[in-house]
Amino acid sequence: MRVTHASLHLVRLPLVHRFRTSSHAKDHLDHILVRLTDESGTAGWGEIASPTDPFYSPETVDTCWLVAERYLLPSLLGVRWDDPAEVAGLWAKVRGHQFAKAGVDIAAWTLWSLSGGVSLATALGGVRSSVVAGVSLGIEPTVDDLLAEVAKHVDAGYPRVKLKIAPGWDVEPVRAVRAAFPQLMLHVDANGAYGESEDEVAALRALDEHGLTMIEQPFAPRNLLAHAALQRDVETPVCLDESIDTLDDLRTAVVLGALKVLNIKVSRMGGLGPAVAAHDLAAEHDIPVWCGGMHEFGVGRAANVALSSLPGFTLPSDVSASDKYYERDVVTPPISASGGVVEVSTGPGLGHTVDEEFVASVTVRSSTLGEEP
Ligand code: OSB
Ligand code: MG
């Protein structure tokens, strides 16, 4: 396979519901869609799902654009490769920039699976025909607003709810949601907002009595020692998200006892190949995994569903239906859920078609490289 032409499309979609985490709030998203074309004219799409600002990771939409245009696409264009697992090796010299790498890597996987007539899920080693989805709920203005949001998604059939927490918005909302939904599979995600002060650690420990499935990323990304210390003190599994960008991070975290559950994000790991490798490594250590999301548009969302069909993804993934976030998605059909379950597409490639006319209508900026096929 040889990619001869590539384009980047900065696409803006409004969110149907404002989303607040411990660090910031947003009401629309700008993601970069990546289109790779081979000699035959077949096109594969990927998505760079970086947030605009460097609050989740050091990357931003602008750094992703720069790195993709200046380093990643030039290292891929015109080069022959047989397997998309090789593609990440083409930019091995580029340190970090996982989100930018992931978007180009996804496009290479979709192009390859589409050309070969197999589904992306099959290409990745998926075994499930459907995956269980959970929802991630932001910080709401009041506990009553949060209870209404939880009720809406439980009524829609989602079996697992994750709540964003931050110091000052933790024990009280969790207690209220637990009281109203005693059986719900519930977990919390702090996006690294907690420090190691006595009060903040006490609040995290106090969550232990609410039967949570996990406490996700309470401390700063590089602070593996604090996660290990908390895990020694609580029964609730500690889950890592922002701490794990590479397989080496995961090996270190395992040795330290800093996690019992792993959130695998395609974006954070730098692509589908590295995400599958993280899944395999976690399985060797009996660590259950689930697929986290970055509010992906349909391209990245379909890739997340495909990845979630691998055997180690035994916990519900953040692969809720497109309509939780967007009125109109960039793919047809959009990703849909029924009773909290998403079907894994069996069609070639993503199994969803990019609606190029709609994409063009919501594109803010674009750029092309290589010869037109
Ligand atoms: O930590 O999982 C996170 C969104 C933006 C930044 C960080 C996170 C999230 C989510 C989104 O929780 C979950 C989803 O895409 O459904
Ligand atoms: Mg998280």
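A cavity is a set of grid points, laid over the protein atoms alone, where a 1.4 Å probe fits but cannot get out. With that term in place, the legends below describe close-up views of a predicted model.

**View 1. The largest cavity and the residues that line it.** The largest cavity has a volume of about 40 Å³, and a search of the whole structure returns one cavity of 30 Å³ or more. Its lining is made up of Glu 47, Ala 49, Ile 106, Val 266, Ser 267, Glu 296, Gly 300 and Asn 304. By class, these lining residues divide into three nonpolar, three polar and two charged. Helices H10 and H12 each supply at least two residues of this lining.

View 2. Helix H12 covers residues 298–308, and because 11 of its 11 residues are buried, the helix is largely enclosed by the rest of the structure. The buried residues run from Gly 298, Val 299, Gly 300 and Arg 301 through Ala 302, Ala 303, Asn 304 and Val 305 to Ala 306, Leu 307 and Ser 308. Among them, Gly 300 and Asn 304 also belong to the lining of the largest cavity.

**View 3. The largest pocket and the helices around it.** About 570 Å³ of space lies in the largest pocket. The pocket is lined by 26 residues, of which Gly 96, Gln 98, Asp 245, Thr 246 and Met 269 are the closest to its centre. Helix H3, helix H9 (247–256), helix H10 (266–269) and helix H11 (272–284) each supply at least two residues of the lining. Sorted by class, the lining of this pocket holds 12 nonpolar, six polar and eight charged residues.

View 4. Ser 113 is placed in helix H3, which covers residues 98–116. With a relative accessible area of 0%, Ser 113 is therefore classed as buried. Its side chain reaches the backbone oxygen of Thr 110 at 3.3 Å. When residues up to four places away in sequence are not counted, Ser 113 touches Val 118, Ser 119, Leu 120, Ala 123 and Gly 349.

**View 5. Gly 370, an exposed residue of strand S15.** Gly 370 is in strand S15, made up of residues 363–370. Because exposure is assigned over 50% relative accessible area, Gly 370, at 53% relative accessibility, counts as exposed. The C-alpha atoms of Gly 370 and Gly 78 are separated by 8.3 Å, although these residues are 292 residues apart along the chain. Leaving out residues up to four places away in sequence, the residues that Gly 370 touches are Thr 4, His 5 and Leu 77.

How values were computed
Residues are numbered from 1 along each chain as its sequence is written. Chains are lettered from A and ligands numbered from 1 in the order in which they are written. This is a predicted model: local features need pLDDT of at least 70, side-chain atom pairs count only at pLDDT 80 or more; totals for chains, interfaces and linings use all residues. Side-chain values use heavy atoms; hydrogens and water are left out. Helices (H or I, at least four residues) and strands (E, at least two) are DSSP runs, numbered from the N terminus. Buried means under 20% relative accessible area, exposed over 50%, partly exposed in between (1.4 Å probe, protein chains only). A polar contact is a pair of N or O atoms within 3.5 Å; within protein, one must be able to donate a hydrogen and the other to accept it, and residues adjacent in sequence count only if both atoms are side-chain atoms. Contact means heavy atoms within 4.5 Å. On a 1 Å grid over the protein atoms alone, a cavity is a set of points where a 1.4 Å probe fits but cannot get out, and a pocket is an open set with protein on both sides within 12 Å along at least five of seven lines; lining residues have an atom within 4 Å of a point. Grid points are joined across faces, edges and corners, and a volume is the space filled by probe spheres set on the points. Ala, Val, Leu, Ile, Met, Phe, Trp, Tyr, Cys and Pro count as nonpolar, Asp, Glu, Lys and Arg as charged, and the others, Gly among them, as polar.
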